[in-house]
Amino acid sequence: MTELHHGINLHTFVLITLAMVVATFVVRFSVIGMAGSFTMPERFKKTLRFVPVTVLPAIIAIEVLGVGSHMEFNIHNPKVLAAIVCTLVSLRFGLIWVVLSGVASLVFFQYCFC
């Protein structure tokens, strides 16, 4: 049997992945399925609107500041410089320009400057 990283063989990996698919589907379907059967309080609805706003920066911060096994916030980290460029572009332009400037600045800072 083919062995993947960390000593897990392919059969175990497939079983773990299928278990995660089923668990994710049950959790999401139960919430979505129940959402139409009761009325949510306005305060709960307002709170749900902030979930993406709070989760997304946490994911982005780890990706931007993560260098190997530790976090690094300085100008020697090309991802920090690209994030600064993206932030400045986002103040004036739309999402597509933010993405394009992020990719271009990351390539530039990673291969030409740092």
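These points go through the predicted model from its confidence to its helix packing.

1. On confidence, the protein averages a pLDDT of 85, and 93% of the residues score at least 70. Among the elements of the protein, the lowest mean pLDDT, 74, belongs to strand S1 (residues 66-67), while helix H4 (residues 78-90) has the highest, 92. Where pLDDT is low, the predicted coordinates should not be read in detail.

2. On domains, the assignment divides the protein into domain 1 (1-40) and domain 2 (41-113). Taken over C-alpha atoms, the centres of domain 1 and domain 2 are separated by 28 Å.

3. On annotation, the unreviewed UniProt entry lists residues 12-38, 50-68 and 80-109 under "transmembrane region". In the model, residues 50-68 are 79% helix and 11% strand, and the C-alpha atoms at the ends of this span are 30 Å apart. Residues 80-109 are 87% helix and 0% strand, and here the end C-alpha atoms lie 10 Å apart.

4. On the packing of H2 with H3, helix H2 (residues 42-49) and helix H3 (residues 51-65) have axes 4 Å apart and meet at an angle of about 25 degrees. Because angles under 35 degrees count as roughly parallel, H2 is described as roughly parallel to H3. The residues that meet are Thr47, Leu48 and Arg49 on the H2 side and Val51, Pro52 and Val53 on the H3 side. By class, this contact of H2 with H3 has 4 nonpolar residues, 1 polar residue and 1 charged residue.

5. On the packing of H3 with H4, the two helices have axes 7 Å apart and an angle of about 130 degrees between them, and H3 and H4 are therefore oblique to each other. From H3, Glu63, Val64 and Leu65 meet Lys79, Val80 and Ala83 of H4. By class, the contact of H3 with H4 has 4 nonpolar and 2 charged residues, with no polar residues.

6. On Leu65, which is placed in helix H3, the residue is one of those through which H3 meets H4. Not counting residues up to four places away in sequence, Leu65 touches His70, Met71, Glu72, Phe73, Asn77 and Val80. The C-alpha atom of Leu65 is separated by 37 Å from that of Pro41, which is 24 residues away along the chain.

Terms used:
Residues are numbered from 1 along each chain as its sequence is written. This is a predicted model: local features need pLDDT of at least 70, side-chain atom pairs count only at pLDDT 80 or more; totals for chains, interfaces and linings use all residues. Side-chain values use heavy atoms; hydrogens and water are left out. Domain bounds come from an automatic or database domain assignment. Axes are lines fitted to C-alpha atoms, for helices over the stretch in contact, and angles run from 0 to 180 degrees between N-to-C directions. Angles under 35 degrees count as roughly parallel, over 145 as roughly antiparallel, 65 to 115 as roughly perpendicular and the rest as oblique. Contact means heavy atoms within 4.5 Å. Ala, Val, Leu, Ile, Met, Phe, Trp, Tyr, Cys and Pro count as nonpolar, Asp, Glu, Lys and Arg as charged, and the others, Gly among them, as polar. UniProt positions are given in the numbering used here, feature names are shortened, and annotations may be inferred rather than shown by experiment. pLDDT is the predictor's confidence in each residue, from 0 to 100.
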